[in-house]
Number of protein chains: 2
Amino acid sequence: MNLAESKPSLIGIDWGTSSLRAFLIGADGDVLDTVSTPQGITYVKDRDFDGVFHELVGPWLVQVDLPVVASGMITSRNGWVETPYAQVPAGGSDLAKALVKFHTSSGQTVHFITGMTTEHDGAPDVMRGEETQIIGAHAMGMEAGIYVMPGTHSKWITVSETQIEDYATYMTGEIFAALRGHTILGTFIEDGPFCEDGFRKGVASGLAAGQGLLHTLFHVRTMPLFGKIPESMTADFLSGILIGSEISAATQALAPGEAVTIVGRDDLAYRYEVALISADFECKRAPENIVARGHFEIAKSAGMLS
Amino acid sequence: MNLAESKPSLIGIDWGTSSLRAFLIGADGDVLDTVSTPQGITYVKDRDFDGVFHELVGPWLVQVDLPVVASGMITSRNGWVETPYAQVPAGGSDLAKALVKFHTSSGQTVHFITGMTTEHDGAPDVMRGEETQIIGAHAMGMEAGIYVMPGTHSKWITVSETQIEDYATYMTGEIFAALRGHTILGTFIEDGPFCEDGFRKGVASGLAAGQGLLHTLFHVRTMPLFGKIPESMTADFLSGILIGSEISAATQALAPGEAVTIVGRDDLAYRYEVALISADFECKRAPENIVARGHFEIAKSAGMLS
């Protein structure tokens with residue numbers, strides 16, 4: 001397809017906590033153009049979401065009137081418009097029915113894709129944005145199975161042929177940052193290139209930690225103190241312990257050799273790949289821009305595409 | 001015994017990370033007087049340990065020449081004099097043999113009680129100061145068994161009739177502070193009185209968390225978000241999850257109904273008591289000033305008492 005000739009049919013916005021990406025999407029769900037800013041919802045001054053929206057995607061709307069869908073933390077309590085959660089299990093058509101319409105200061109309609117909630121043993125779980133990525137991955141041919149979306153709050157998502165069945169959140173990324181920045185474990189940590197050896201040692205510890213994570217973490221202090229690993233290895237050793245512990249817990253229902261699909265940035269996805277393989281699982285990678293494809297599928301299901 | 005008539009025979013110093021307590025100890029191991037300052041080793045300006053020492057215990061030494069022993073983080077790399085660790089298993093007489101002599105600027109001799117190390121599956125563990133408390137508790141008639149010393153770095157210590165057999169560190173207190181202060185889990189936390197109901201709910205979650213602590217912690221966010229617990233309960237809910245997880249891991253070798261001896265501050269000891277009882281263990285409390293008694297026992301074993 002020649003991108004120059006494709007017809008713009010939708011604007012999709014992925015507005016998260018720490019960044020905002022907007023996609024100009026063509027009639028076949030292909031991405032024609034992308035713009036982005038670091039103005040995630042926690043960085044929007046005076047909560048002027050309306051201003052950020054018009055500044056970023058206004059130029060696209062001047063040329064032609066397009067429908068707009070938006071997903072991510074923008075629909076949370078600290079976002080632009082708080083929307084209720086859809087309940088799992090749910091698929092793209094359920095999300096299409098649950099779209100929340102909103103009119104901006106210019107009269108533009110934005111359709112917010114709401115997040116999803118689940119509950120285990122009385123404890124709720126939440127996500128906003130990942131559900132749209134999964135819908136996109138599915139539309140791009142990725143199979144049913146287990147998906148992991150590494151990050152500040154990793155999501156482990158069970159996907160069937162037709163819908164998102166269930167999921168669980170692991171606070172791995174945020175806890176890594178808090179431990180590194182605000183405990184004695186950060187003492188020896190220096191910025192440097194990824195140390196795969198340290199990471200693998202950490203993964204082995206994390207996979208073996210069982211219930212004793214609060215104990216195993218202390219080894220990030222003692223191993224360099226006793227010269228058992230160099231100080232330069234401690235950041236990735238800590239990262240490995242946390243990711244190993246996450247994988248150990250999240251894969252309890254999986255058989256050895258089963259496949260896990262990784263969705264995410266390359267550097268982080270690589271860590272999960274290393275750790276999953278060392279825990280005897282197979283890995284697949286999701287393609288890029290699945291979120292834009294999710295926007296497209298949900299908008300199509302809602303009859304928004306002319 | 002009339003304290004006014006007891007003869008001072010030893011000065012014992014418990015010099016930790018965040019505070020310093022010094023004891024004037026009588027001929028029978030009784031505490032005649034106590035002084036303290038918040039100048040733990042991280043709060044000593046310009047590393048002037050010598051100055052802090054003389055300011056605090058100098059008045060006692062002016063009146064009569066007394067032997068001095070010191071225990072705690074003061075013998076760590078960031079302390080006054082770094083001493084090697086004794087290897088477990090070890091008892092009071094081993095610690096007496098391992099005393100490290102040091103002369104202060106005034107010529108006063110200080111005998112440093114060194115810490116103890118152990119190793120499990122190639123990963124070292126360390127403590128400095130707790131070993132002296134255990135020696136003291138034993139001398140004061142506390143039985144062999146499992147001791148827990150709650151705190152920034154909780155220690156679970158296995159004590160036989162004659163010595164410290166082994167131990168493990170859990171970073172519960174420090175991780176609580178990091179999660180509370182530097183993650184989204186602190187969002188709803190307000191200062192307030194202890195909420196035992198929230199704490200008990202957390203303990204139940206922590207005991208059941210198994211390997212999924214990184215997941216269970218996310219409920220500190222979602223439970224108040226969904227109105228399942230009031231926001232005022234979140235601090236103690238988080239505390240309960242961490243302490244429950246610690247107890248679950250640390251008691252794996254114990255049979256239901258076995259006793260655990262708690263050493264520590266009243267408020268924290270109470271939390272551990274609540275959590276241990278809800279996990280079907282018995283609790284005992286160690287008496288106060290066991291560290292001074294540990295100083296006395298080790299000094300006596302070293303032949304320092306005239």
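**Reading a two-chain predicted model**

Modeller: Strands β10 (residues 145-149) and β11 (residues 154-159) of chain A run antiparallel and are joined by five bridges. Helices (H or I, at least four residues) and strands (E, at least two) are DSSP runs, numbered from the N terminus. Two strands pair if DSSP finds at least two bridges between them. Within this pair, Y147(A) stands opposite I157(A) of β11(A).

Colleague: What should I keep in mind about the model itself?

Modeller: The model is predicted: local features need pLDDT of at least 70 and side-chain atom pairs count only at pLDDT 80 or more, while totals for chains, interfaces and linings use all residues. Residues are numbered from 1 along each chain as its sequence is written, and chains are lettered from A and ligands numbered from 1 in the order in which they are written.

Colleague: In what order do the strands of the open sheet in chain A stand?

Modeller: The five strands follow the order β12-β11-β10-β13-β14, with mixed pairing. β12 and β14 (282-285) of chain A are at the edges with a single partner strand each, so one side of each has no neighbour in the sheet.

Colleague: Which strands does helix α3 of chain A lie across?

Modeller: Helix α3 (residues 130-139) of chain A lies across β10, β11 and β12 of chain A, at about 45° to β11(A). Axes are lines fitted to C-alpha atoms, for helices over the stretch in contact, and angles run from 0 to 180 degrees between N-to-C directions. Contact means C-beta atoms, placed from the backbone, within 7 Å.

Colleague: How are the two chains related?

Modeller: Two copies of a chain are related by a rotation about an axis and a shift along it. Here a rotation of 180° with 0.0 Å of shift along its axis superposes chain A on chain B, with RMSD 0.0 Å. That is the relation of a two-fold axis. Of the residues of chain A, Q211(A) comes closest to the rotation axis, at 2.3 Å (C-alpha). The same surface serves both copies, as 100% of the contact residues of chain A recur in chain B.

Colleague: How many residues does each chain give to the contact?

Modeller: Chain A gives 36 residues and chain B gives 36 residues. On the side of chain A that touches chain B, α4(A) gives the most, with seven residues.

Terms used
Least-squares fit on C-alpha atoms with pLDDT ≥ 70 in both. Contact = placed C-beta atoms within 7 Å.
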